[in-house]
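Please keep the sequence and the model in view while reading the points below.

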Amino acid sequence: QVRLVESGGGLVQAGGSLRLSCAASGFSGRTFSMYTMGWFRQAPGKEREVVAAISGSGRRTYYEDSVKGRFTISRDNAKALVNLQMNSLKPEDTAVYYCAADLNYDVDYVEGRVGQYHYWGQGTQVTVSS
């Protein structure tokens, strides 16, 4: 069973930066590079939405429009880690951030739909004060 553990959330002022990390394990004989990875967020009263996603190879990425140019997703397949560097944070970025994984044999496939991801972490709170 794939296990995902997020870290790095916290409280930051508007304009500040945070770096989220997601440590993955439990691939049952498969390699981490076979998993498309995504970061999602959910604010109170809102639906869960994609923030960014990255293909298994790391060559392809996807960003939600509101975070383009501010957030960067990356992965280290040797360490089974996925990171989300968040710069120029805004109060509207406040949410619980979730790491998610989707097994995909196409290592250059990237997916932004919530329903396509089968494995989820517990989430980490990000709060941006104005």
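1. C22 counts as buried because its relative accessibility is 0%; buried means under 20% relative accessible area, exposed over 50% and partly exposed in between, with a 1.4 Å probe and protein chains only. C99 is likewise buried, at 0% relative accessibility.

2. The model is predicted: local features need pLDDT of at least 70, side-chain atom pairs count only at pLDDT 80 or more, and totals for chains, interfaces and linings use all residues. Residues are numbered from 1 along each chain as its sequence is written, and side-chain values use heavy atoms, with hydrogens and water left out.

3. C22 and C99 form a disulfide (a pair of cysteine sulfur atoms within 2.5 Å), with their sulfur atoms 2.1 Å apart. A search of the whole structure finds 1 disulfide. The pair links distant parts of the chain, 77 residues apart: C22 lies in strand β3 (residues 18–25) and C99 in strand β9 (residues 95–103). Strands (E, at least two residues) are DSSP runs, numbered from the N terminus. The link of C22 and C99 is left-handed, with -75 degrees about the S-S bond.

4. Side chains alternate along β3.

5. β3 pairs with strand β1 (residues 3–7) in the antiparallel sense over 5 bridges; two strands pair if DSSP finds at least two bridges between them. In β3, A24 is the bridge partner of L4.

6. β3 also pairs with strand β8 (residues 81–86), in the antiparallel sense over 6 bridges. In β8, Q85 is the bridge partner of R19.

Terms used
Helices (H or I, at least four residues) and strands (E, at least two) are DSSP runs, numbered from the N terminus.
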